[in-house]
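Work through the exercises below with the sequence and the model open beside you. Try each task on your own before you read its solution.

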Amino acid sequence: MISDVGPRKDRMTAAEAIAFVGQHGVVLVSAKGAVPRLSEAIAGEPIKGSWWAHPKSHHIFAILQAVTESEDILVCRLVDGKLTLVHRRLWPALVRVADRFSATRIAKVRDEHTPSGHHVSREVPFPKWVPTEVKEQAKGIGEQEALTALGPWTLLPQPSLKGTSRKRRAS
């Protein structure tokens with residue numbers, strides 16, 4: 001899916017990127033899928049290939065870092081097992097229908113750099129990352145309401161993640 005972005009004359013800020021996630025609720029960081037891609041919104045145009053090769057790659061990286069550090073954004077592998085950003089407004093809906101997703105899809109993913117300079121992804125398992133107030137809000141939401149809030153992609157068949165291997169460490 002191509003993000004609903006048009007040509008931009010200016011550069012997207014971190015606040016605008018967080019607002020983009022808030023507007024859409026669920027977006028992919030950069031992979032192609034059934035929801036918009038934040039990397040394309042930041043670039044202001046569709047990206048062919050890796051965003052690392054895009055002329056705005058440094059800006060894309062900086063904005064993605066800021067967005068993923070926001071307390072209003074959950075980084076997980078919800079959509080097709082790809083890095084996904086979920087805005088806080090949808091956390092109660094996600095918690096309500098969490099049983100529809102594998103544990104690996106709804107674990108919080110945190111990227112860290114080790115003292116030796118290596119990049120490591122660590123996971124906080126569901127529901128450890130869920131704030132108490134979100135758990136309470138989830139109790140008041142019906143299943144269909146939650147699925148509708150999360151978006152039509154929830155109705156699509158989810159591909160299997162068999163055979164995928166990623167370095168992950170539980171926190």
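**Exercise 1. Which way do the residues of S3 point, and are they buried or exposed?**

Begin with strand S3 (84-87), where strands (E, at least two residues) and helices (H or I, at least four) are DSSP runs numbered from the N terminus. Thr-84 and Val-86 point one way from S3, while Leu-85 and His-87 point the other way. Next, check the burial: these four residues are all buried, and buried means under 20% relative accessible area, exposed over 50% and partly exposed in between, with a 1.4 Å probe and protein chains only. Compare this with the general rule that in a regular strand the side chains alternate between the two faces of the sheet.

Before going on, note that this is a predicted model, in which local features need pLDDT of at least 70 and side-chain atom pairs count only at pLDDT 80 or more, whereas totals for chains, interfaces and linings use all residues. Residues are numbered from 1 along each chain as its sequence is written, and side-chain values use heavy atoms, with hydrogens and water left out.

**Exercise 2. What is the order of the strands in the open sheet of 3 strands, and which are the edge strands?**

The order is S1-S3-S2, with antiparallel pairing, and two strands pair if DSSP finds at least two bridges between them. The edge strands are S1 (26-28) and S2 (73-76), each of which pairs on one side only. Now follow the bridges: S1 and S3 are joined in the antiparallel sense over 3 bridges, with Val-26 partnered by Val-86 and Leu-28 by Thr-84. On the other pairing, 4 bridges join S2 to S3, and Leu-74 stands opposite Val-86.

**Exercise 3. Where is Arg-89 found, and what is it in contact with?**

First locate Arg-89, which is found in the loop between S3 and helix H4 (91-96). Then consider its surface: Arg-89 counts as partly exposed because its relative accessibility is 45%. Leaving aside neighbours within four places in sequence, Arg-89 is in contact (heavy atoms within 4.5 Å) with Gly-22, Gln-23, His-24 and Gly-25. Finally, the C-alpha atoms of Arg-89 and Ala-149 are 9.5 Å apart, although the two residues are separated by 60 residues along the chain.

**Exercise 4. Which residues have the most contacts inside the largest nonpolar core, and which elements give two or more residues to it?**

A nonpolar core is a set of buried Ala, Val, Leu, Ile, Met, Phe, Trp, Tyr and Cys residues joined through side-chain atoms within 4.5 Å. The largest one has 27 residues, and those with the most contacts inside it are Val-26, Leu-78, Val-86 and Leu-94. The elements that give two or more residues to this core are S1, S2, H4, helix H5 (132-139) and helix H6 (143-150), and the largest share, 4 residues, comes from H4. Apart from this core lies another, of 21 residues, among them Val-27, Leu-38, Val-67 and Ile-73.
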